[in-house]
Amino acid sequence: MRKKTIRYMSGTGIGIVVFIGILVIMYMIALNHPKVYDLTLNGRNTLDVKTRNILNSLDFDVNVIAFCKNDNLRKEAKDILDLFTYATRHVKYKIIDPDVYPGEAKKYAIQRYGQAVVIGNGKQQRIDSVSEQNLDSAILKLKEPGEKTIYFITGHGERDIGDTGKDGLYTLRNALESDNYKIKKLMLVRTKAIPKDASLVAIVGPKKPFLPVETRELNDYLKKGGNIFIALEPMEDTGLKGFLAAYGVVVGNDMIIDKFSRILGGDYLIPVVSEYGDVEALKGFRYATFFPTARSLGIKKPLPKDIVIKWLARTSNQSWAETNLDRLRNQGKAKLDSKDKKGPVNIALFVKKLNKKGNSRARLVVFGDSDFLSNAYIMTSGNEDLAMNCMNVLLGEQELVVIRKKESNHLTPLTPSQASLMFWIPVVIVPCIVLFIGISVFLVRRRA
Amino acid sequence: MITVEGITKYYGPKLAIDSISFEVRQGEILGFLGPNGAGKSTTMRIITAFMPPTSGRVRVMGYDTVDDSLEVRKRIGYLPENNPLYTEMKVESFLRFAAFAKNVKRKNIRATVDTVVGECGLHDVRRRIIAQLSKGYRQRIGLAQALINDPPVLVLDEPTIGLDPRQIYEIRQLIKDLSGSRSIILSSHILPEVSQLCDRVAIVNKGKIIAVDSPSNLTAQLTDHRIIEVYVGERMDETLELLKDLEGVVSASRFNSHIQVETPKDMDLRPVIAKKIVEAGIPLMELHAKEMSLEDIFMELVTEEEV
Amino acid sequence: MRSVYAKEMLIYFTSPIFYAVSFIFLCVLGIFFYNDMTYMSMLASRIAQYQLSTGLSLDKIVLRPLFSDMSILLLFIVPIIAMRLYSEEKANGTIELLFTYPIRDVDVLAGKYLAGISIIGILLGMTWVLMLLEGTVVTPDWGLVLSSYLGLFLVAASFLAIGVFASCLTRNQIIAATSSLGIILAFWAIGWFSDVFSGSSIAKVLGELGLMEHLDDFLKGMLNVKDAVFYLLFSLFFLFMSLRVLESHTWRG
């Protein structure tokens, strides 16, 4: 009799194992044939056509590591990354807590929760937050063949990329290198022309004037479709005024005074920017940035036809550009008068020179300050992100990718009568109807 | 109709029934008689395909209860021990469910329910909730659900247990009326019930069948002793001695009011005993042979088994 | 199967437990709904006051939290709905009737399971009052509402399969309900463990096994075939196990 029981038991056991096996196989099939339908009416869970095109043409694996704590940011990152993994098998991701894995965070130069690194094609690209736009740009950058080289001009007292002191650019250099850029120094006077592999030329904080030969080299470079990033300092004559004027940029001989900065814990001389221009790279950028001692930048009127200028960053309307520099220097006093330009004052401009077909040939980003890039200030608030994003405007192709935000339904305040309906109907009336039915069923049955 | 072939059932290590074999013929009522715990309910459950035997097999109308359990279940009406019912349902809806579950055709359900309600005398309560009804009614409902698809075989496990005498009488009457061409197995531990209702009786004790036969045959077969009861007015001890010495008497013993004399079955010693007592001058009040009841047999069988 | 289904539905509708459970479910959900709506209202007036442009939508403020609360409520309620399905029959002995009627075990199970599913369907259906009520103030994304209900229905079906399984194991309804709640919570917790082992392959397997993980996409408005398949297979597994347990009464003795 035992034998029979054992036979039944083992039969059942084998049956269960086989059944589990079948279930697992079926689930694996489902896993390997991902199919996701977006049922929302506004297509909120559907990636943009442009993103899908990028992903469809992917021919290498992309790994995304997002650094989030276990909070809303993580949820949002997961939501978006999931969409990417549904769209292509090439994208894989993990979300880790930088506090739990500080080594990983350090390895990828992660400074803030929500940042992520996109790895693939032998390169890596850091993004500031996980969004469809950022992921697209990062992936596009990974796709581009070869490394891009950034030349930092030296020879006019510019800030040094190797300097780890408070005025140096070592931190910026690190950030750029972790985004796969090759960083080189270039002394203009020693070369006849800017090297052909230069994706970007950066001039940060020059103190001595540029020679005409040098500005000609810059012009030649721009004519061939070059990109230049310039960060000026107030009260320094660099000889670039004329050069920039040709591109429609008026370098103000002044110093920006910002009362609003004081409120945010800054200084009158450290204007704060919390308003950014209508450029894709800065869409959704929401950090404040600080610019210790900055000069204003104006836009020349009338502009040459082939030049397009957009402002990237400007100060609040509680600031102005003080032109009386002597008084400021000697007495430490500033006062808004008729000669001064009233805020908001442009602190960064983006310049495009178009060719005959209307495509951009030369691109420039000009800042009225270079301190914000120095080791001492770059980690302040959003400074680094702004710098990186502006360099990306010049370096990247993300101008091609514009992801429009999905419309979402609006919130409406409830009128008092609506609010009371929202309470009485679901909390009292409907449950009580159910209760009433139950009680009447009970009573009717008892009478039977 | 039902063939039980050497079924054995173990509950874990405990032997519940031990190679039981018997047969129920068409139109017959078989009584399954035994004390509590004899294995009656286990046997019923195996016959109704509720559970399989550990070994051996049961066939109902040619279908094996294990291999063709569905076919068996179609042909059996079963009243389980303790008569479990869906007590929160109304009588009628419960019977409808039973009819539906037993594959009565949709359009016939109403008629079928009406029929069993009539047969089982449930007219007055058909719209009542089962929980509110008396045990007698519940027993009828149990019978009604068993009968609902007009099965050729009925298995009734202790149908009268826990009822008052009037209800017992009614249920027995009902079972008698139902028999007709059906084969019925009825288990019980009450002797009068079985001898009254059944064509044949199977007596079980401790999982074994001790005897299967008609109630009269069983009586005849097992009564190999005749008992004579002697009532005397006085001098009982003297009478006892006297009777013990009598030739042919197996034993004699004194009870409260009378003396019981056991004699071989084929001898009738009554005239001899009467003569002897009268001769001794003892006043003989009464003398008669006692018929051995099924109850005695039952007691005897069980006692014998225990020795 | 249909006979068992009809019987179970009849018993559900005449039992106080169904009404009590519905009452509590609707009442608690109503309170959640009211809270979400007033929170939405407060945010809306604040947004209007400060002229903020936010990515906040009704779906994020009201619907997603509401549906995820609903899934938690179902987690507690479905075991109570499921507990009686087999345990009651075992305790009353009516299982003997059911198993000697000419109905296959599979059909009995299917009838009972579908009855439970219908009760869940009715519960979820009653919550549409909230959707309609919300529709009077703002327009929810009906696609998202639909997919959320689909997900809730599937996850509740999985809870029910666990509940049926637990009900097969015991004649005591309280034990059935608590043990099914235990199993459900265990499968819920598995999801959290996948966070602990974040990144490893164990995490992946655990993440796929977690019951609630598969609900996320539904509540976001997506029908992910993989998740739907998971819930169906999950239910199928516990129904299969229930059959094996029921079958074992024939050989366990």
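These exercises, each with a worked solution, concern the contacts and domains of a predicted model.

Residues are numbered from 1 along each chain as its sequence is written, and chains are lettered from A and ligands numbered from 1 in the order in which they are written. Local features need pLDDT of at least 70, and side-chain atom pairs count only at pLDDT 80 or more, while totals for chains, interfaces and linings use all residues; side-chain values use heavy atoms, with hydrogens and water left out.

**Exercise 1. Describe the extent of the contact between chain B and chain C.**

Step 1. Chain B brings 29 residues to the contact and chain C brings 25 residues, where contact means heavy atoms within 4.5 Å.

Step 2. About 2500 Å² is buried between chain B and chain C, and carbon and sulfur atoms give 66% of that area. Buried area is the accessible area (1.4 Å probe) that two parts lose on being put together, summed over both.

Step 3. Of the area that chain B buries against chain C, 28% comes from B:Phe50, B:Arg73 and B:Tyr86, more than from any other three residues.

**Exercise 2. Find which polar links join chain B and chain C, and which elements of chain B take part.**

Step 1. The rule finds one salt bridge across this interface; a salt bridge is a side-chain nitrogen of Lys or Arg within 4 Å of a carboxyl oxygen of Asp or Glu.

Step 2. B:Arg45 pairs with C:Glu96 in a salt bridge whose closest N and O atoms are 2.9 Å apart.

Step 3. Eight residue pairs, both at pLDDT 80 or more, are in polar contact between chain B and chain C. A polar contact is a pair of N or O atoms within 3.5 Å; within protein, one must be able to donate a hydrogen and the other to accept it, and residues adjacent in sequence count only if both atoms are side-chain atoms.

Step 4. On the side of chain B that touches chain C, two or more residues each come from strand S1 (2–11), helix H2 (69–74) and helix H3 (91–101) of chain B. Helices (H or I, at least four residues) and strands (E, at least two) are DSSP runs, numbered from the N terminus.

Step 5. H3(B) gives the most to this side, with six residues.

**Exercise 3. Describe how domain 2 and domain 3 of chain A meet.**

Step 1. Chain A is assigned domain 1 (1–29), domain 2 (49–139), domain 3 (147–400) and domain 4 (415–448); the bounds come from an automatic or database domain assignment.

Step 2. The centres of domain 2 and domain 3 of chain A, taken over C-alpha atoms, are 29 Å apart. Twelve residues from domain 2 of chain A and 15 residues from domain 3 of chain A make the contact.

Step 3. The area buried between these domains is about 1200 Å², with 33% given by carbon and sulfur atoms.

Step 4. Two salt bridges are found across this interface. A:Asp385 forms a salt bridge with A:Arg112, with the closest N and O atoms 2.8 Å apart.

Step 5. Two residue pairs, both at pLDDT 80 or more, are in polar contact between domain 2 and domain 3 of chain A. Strand S5 (123–127) and helix H5 (132–143) of chain A each supply at least two residues of the side of domain 2 that touches domain 3. S5(A) gives the most to that side, with four residues.
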